[in-house]
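Visitor: I have a few questions about the model on the screen. Could you walk me through the answers step by step?

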Amino acid sequence: MEKYVLITGASSGIGKTTAIKLAQNGYKVFAGIRKQEDKISVESENSNIQGIFLDVTDIESIKSAFNEISKFTDVLYALINNAGIAYAGAVECLPVETIQKQFDINVFGAIRVAQQFMPMLCNSKIVNISSMASFGLFPFISPYCASKRSLDIFFNALMLECKSPELKVISIKPGVIKTKIWEKSIEANKKVMESLPESSIEKYRCEFEYLVKNAEKNKDKGLDPERVAGLILKVLNSKNPRPSYTIGADAKMAELFSRLPLCITNFFTKFIMKKRMN
Ligand SMILES: NC(=O)c1ccc[n+]([C@@H]2O[C@H](COP(=O)([O-])OP(=O)(O)OC[C@H]3O[C@@H](n4cnc5c(N)ncnc54)[C@H](OP(=O)(O)O)[C@@H]3O)[C@@H](O)[C@H]2O)c1
């Protein structure tokens, strides 16, 4: 029997690499994209990949993706909620609209897609591309951290509530991965910063500059997305996958660190931030 998988945000990075990896391993992949050129590009990689127009913030787009996929199958072996962006900034001056935008894509987007595709997901696997940010340790990227923690909470609840005992939800928490997300987030966050009053920019100038420098470093420094794609393949092939996987030394450190009492993690986080700002 064919194993159909839907991946959201498959135009680049982890999503595209995973689409290719799964297709090479016999899965039939519906690759969620938003642009015609990305459909052509992703479909040219492997004949097991079909590009599907899917914007996770647009319910009509999700419904038409569902109708399109229904022409091929009424069962998905897996849904991979991968589409995401990263917003950063100081909570004190972050526009609430930016936080809403962050949640609209990373959290509500995944929920919209899962709700629409639930009839196809009875005994399936839902794999969420969460992040080490879900451990909640990183100041100045709290919108992103909170979105990933929320994603994990909502989908763990979905699994516990669901009437299908065979539905499995798996959270993948990568550390830094070399993808376009870093450049995109620099661009998006610069725009947010420019919209702030001069007093806020001045107050947090050092931290903003550090964030940009760090994102620039991360775009070349992280693990190859191949590593995440390999882990997702392993999870899909496994009969009994764990509910959560961390990938990368940084993610494993973050997980360990997050288990300490909050007063201790806060003390060290402040200490590290102070050192980095000097
Ligand atoms: N890179 C890392 O260090 C890292 C670490 C941990 C977790 N992650 C997570 O991994 C996931 C994939 O990110 P990536 O690093 O591979 O970055 P990426 O290359 O920028 O991929 C992000 C994908 O999400 C799509 N997307 C954005 N907004 C969307 C929307 N409204 N509807 C549908 N698709 C949308 C993008 O499509 P367009 O091209 O059309 O914009 C793109 O395909 C994200 O959830 C991210 O949070 C990344």
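Visitor: Is F268 buried, partly exposed or exposed?
Guide: Happy to start there, and please keep in mind that this is a predicted model. Buried means under 20% relative accessible area and exposed means over 50%. The relative accessible area of F268 is 36%, so F268 is partly exposed.

Visitor: What about F267, buried or exposed?
Guide: The cut-off for exposed is over 50%. F267 has a relative accessibility of 56%, so F267 counts as exposed.

Visitor: How many aromatic pairs are there?
Guide: Rings count as a pair if their centres lie within 6.5 Å. By this rule, the count of aromatic pairs is nine.

Visitor: Which type of pair do the rings of Y4 and F30 form?
Guide: A pair of aromatic rings is described by the distance of the centres and the angle of the planes. For Y4 and F30, the centres are 5.5 Å apart and the planes stand at 10 degrees. Planes under 30 degrees apart count as stacked. The pair of Y4 and F30 is therefore stacked.

Visitor: How many residues apart are Y4 and F30, and where do they sit?
Guide: Y4 belongs to strand β1 (residues 4–7), while F30 belongs to strand β2 (residues 28–33). Their pair links distant parts of the chain, with a separation of 26 residues.

Visitor: Are Y4 and F30 buried or exposed?
Guide: The limit to apply is under 20% for buried. Y4 has a relative accessible area of 14%, and F30 has one of 2%. Because these values fall under that limit, Y4 is buried and F30 is buried.

Visitor: And which type of pair do F267 and F268 make?
Guide: The ring centres of F267 and F268 are 5.4 Å apart, and their planes stand at 80 degrees. Planes over 60 degrees apart count as edge-to-face. The pair of F267 and F268 is therefore edge-to-face.

Visitor: How many disulfides does a search of the whole structure find, and why?
Guide: A disulfide needs two cysteine sulfur atoms within 2.5 Å. The sulfur of C145 has its closest cysteine sulfur in C93, 16 Å away, which is too far for a bond. For the sulfur of C263, the closest one is in C145 at 19 Å, again too far for a bond. The search of the whole structure finds zero disulfides.

Visitor: Are C145 and C263 buried or exposed?
Guide: C145 has a relative accessible area of 6%, whereas C263 reaches 59% relative accessibility. With buried set at under 20% and exposed at over 50%, C145 is buried and C263 counts as exposed.

Visitor: Which helix supplies the largest share of the lining of the largest cavity?
Guide: The structure holds one cavity of 30 Å³ or more, and about 60 Å³ of space lies in the largest cavity. Its lining residues include I105, N106, G109 and A110. Helices α4 (96–117) and α5 (142–161) each supply at least two lining residues. The largest share, four residues, comes from α4.

Visitor: How do the lining residues of the largest cavity divide into nonpolar, polar and charged?
Guide: Among the residues of the lining are V56, N81 and K148. The division is six nonpolar, five polar and one charged.

Visitor: Which residues lie nearest the centre of the second largest pocket?
Guide: The second largest pocket has a volume of about 350 Å³. Its lining divides into nine nonpolar, four polar and seven charged residues. Of the 20 lining residues, those nearest the centre are V75, L76, Y77, N123 and S124.

Visitor: What is the phi of F140?
Guide: Most residues other than glycine have a negative phi. F140 lies in the loop between β5 (125–129) and α5, and is buried at 15% relative accessible area. Although F140 is not a glycine, its phi is positive, at about 70 degrees.

Visitor: Which residue's backbone oxygen lies 2.7 Å from a polar atom of the side chain of T17?
Guide: T17 is in helix α1 (residues 13–24) and counts as buried at 17% relative accessibility. The backbone oxygen 2.7 Å from that side-chain atom belongs to G13.

Technical notes
Residues numbered from 1 in each chain as written. Heavy atoms only, no water. 1 Å grid on protein atoms, 1.4 Å probe; cavity = no way out; pocket = protein on both sides within 12 Å on 5 of 7 lines; lining within 4 Å. Points joined across faces, edges and corners; volume = space filled by probe spheres on them. Nonpolar A, V, L, I, M, F, W, Y, C, P; charged D, E, K, R; others polar. Buried < 20%, exposed > 50% of the residue type's maximum accessible area, 1.4 Å probe, protein only. Phe/Tyr/Trp six-rings, centres within 6.5 Å; stacked < 30°, edge-to-face > 60°. Polar contact = N/O pair within 3.5 Å; in protein donor to acceptor, adjacent residues only side chain to side chain.
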